[in-house]
Amino acid sequence: MSTILEVKNLAKIYEIGYIRKRQIVAVDKVSFSVKKGEIISLVGESGSGKTTTARMILRLIKPTSGVIKFMGRDIWRDLRGGSDLRWYWRNVNGVFQDPFSSFNPTHRIRDFMYRAFNLFNEKLDRDTKERLVREALQMVGLIPDEVLNRRPFELSGGMRQRVMIARIFLIRPMLVIADEPTSMIDATLRLGILRLFSKLREEIGTTIMFITHDMGLAYYISDRIMVMYRGKIIEEGTPDEIVNNPKHEYTRNLLDSIPKLYTSWFK
Amino acid sequence: MGYVVETIDLRAYYMLRRGSVKAVDGVNLKIGEREIVGVVGESGCGKSTLSRVLALDFIPPLKLVGGKIIIDGEDVTSIPISEARKRIAGTKISLIPQSAMNAIIPVTRVKDYIADVVKEKTGLPREKIVDMARKRFEEIGLPPIALDMYPFELSGGMRQRVLIALATLLNPSLLIADEPTSALDVSTQKMVLTTLYNVFKMGLTKSIMFITHDIATVRQIATRIVVMYAGKIVEDGPTEDLIHNPFHPYSKALMFSILTPEPEVRKRVEQTGGIAGEPPSLINPPPGCRFHPRCPYAMDVCRREEPPMIEVEKGRFVACWLYAKK
């Protein structure tokens, strides 16, 4: 399998204060690569730098140093102008944590979905667009006639997150960065959403990167897990390696403090 | 054994213009002494409302519609709410609310805040209250210096434990903790859970009611688990039995949807599916069993009649027609 994404010595340092400057190292020289068709998880607690990493890959914030290469192109140096960016976001797209703030509340779902076509190079007529949007919504288990004319606040959290994923089915990117896609969703609906991501890989061959604090989720869905702590990737391996045989002390502590269903700490 | 709290056919609705939201609808719950009861369910199942109702926190539109709440043998619903509140709040029932992280006033020192709250309830002098708080802090393993700090100087886990100390300061009969760990990192979660467990072990509160959506968390400390769905209790039983062998189809679905890093969980998740559909609207709940539109075993009777709560095995109650026939 070929490498689709390569990250080398990526760092992000935030400076705060005007007179007395303080530096916060959010991401500290992180290197990794992702193969085509892989599902990989970046696991860490809050403040570990996982979301910052995701945003840099999505080209939403500029790294302080380091290189991110997608299909051999450095995304911060080689992409110039609108058409390059359109190419990038057509191929690399995100699903975000909060289905409540990812939408413009005044726009209908139809407008939201149609806007995805702005990333397309090909010109499509209205009928084709409508058909594609409907197909995408059906893929994620939504009934198009029920949602298309509604506004985000009329939908539940689970439905909103499905719409976000339907958009991914429409764009069909090569790489999806999913930042805590299920954290706001109820337990009984969570599995359904995760299955959609598996389906995405099966049907379109998408590479998926999960950013999560939930080791259970990562363990269940990924081919490979990377554990992030204080801006660094401290351990990497298959889910079974990480869970059954953690090498780094932090990973061991993390796994110890995750409540298990079939065992109790106090008995 | 006496009951700390007993509710009989408790109904509390949110009265809105477009209809009443039946968040707690016919709940029969008994909490005995020396029990940690975990109340689990999805968002919107009425579990937080139940905690507010037990703490007699009736702020409109929430209204008590029917049923009785008996606290330490006294029917508090027969006396005016404000009077009852005065009598039970803090001393008999103490609530750690869901947004506890933001519950303390940020510009007041912890000790002043605690003194204000407790003085209001008991009329004790400030020095005495601060001394009590210092002692309590030591008991639950909080550094007493935290008393002189401002809440924003404390970490999330510390703040949560300060609230546990405050809530148990008057040794209540029942401590209600509403999602006390959901906003914390996993390592901090464990610390807060340990504190809660110690509070129980040391007898600082007789019983605990722990409300959460996360079964894996609550099962760590609970002696008994109550599963709620759409404003009703659907299953009630000892923790180990309920975890290993849930009876109600909803409890099963809930158990199957948990993702923890355990090999048996992963294997099971790969084999079984989640459940379709979403929780119903509580304004117009479906007739009969409220779970029937999502239930894979739904029969005719489920659509017509509400299932009664029956004892299937000793101490294990379930409200489902599948078991009612046997």
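Me: What makes residues count as contacts of B:Gly231, leaving aside its neighbours within four places in sequence?
Reply: Two residues are in contact if their C-beta atoms, placed from the backbone, lie within 7 Å, and on that test B:Gly231 is in contact with B:Lys22, B:Ala23, B:Val24, B:Asp25, B:Cys45, B:Gly46 and B:Leu282. This is a predicted model, in which local features need pLDDT of at least 70 and side-chain atom pairs count only at pLDDT 80 or more, while totals for chains, interfaces and linings use all residues. Residues are numbered from 1 along each chain as its sequence is written, and chains are lettered from A and ligands numbered from 1 in the order in which they are written.

Me: Why is B:Gly231 called buried?
Reply: A residue is buried if 20 or more other C-beta atoms lie within 10 Å of its own, exposed if 12 or fewer, and partly exposed in between; B:Gly231 has 26 such neighbours inside 10 Å, so it counts as buried. Its place is in the loop between strand 9 (224-229) and strand 10 (232-238) of chain B, where strands (E, at least two residues) and helices (H or I, at least four) are DSSP runs numbered from the N terminus. Of the 326 residues of chain B, 47% count as buried.

Me: How do you know how compact chain B is for its length?
Reply: The radius of gyration, taken over C-alpha atoms, is set against the globule rule, which is 2.2 Å times the number of residues to the power 0.38. For chain B, with its twelve helices and twelve strands, the radius is 20 Å, close to the 20 Å that the rule gives for 326 residues, so chain B is as compact as a globular protein of that length.

Me: Why are strand 2 and strand 5 of chain A said to stand at the edges?
Reply: Two strands pair if DSSP finds at least two bridges between them, and the open sheet of four strands in chain A has the order 2-1-4-5, with antiparallel pairing. Strand 2 (22-35) and strand 5 (73-74) each have a single partner strand, so one side of each is left without a neighbour in the sheet. Five bridges join strand 1 (residues 3-16) to strand 4 (residues 65-70) of chain A, and the bridge partner of A:Leu5 in strand 4 is A:Phe70.

Me: How many residues of each chain are in contact with the other chain?
Reply: By the contact test, 29 residues of chain A are in contact with 31 residues of chain B. Helix 7 of chain A gives the most to the side of chain A that touches chain B, with six residues.
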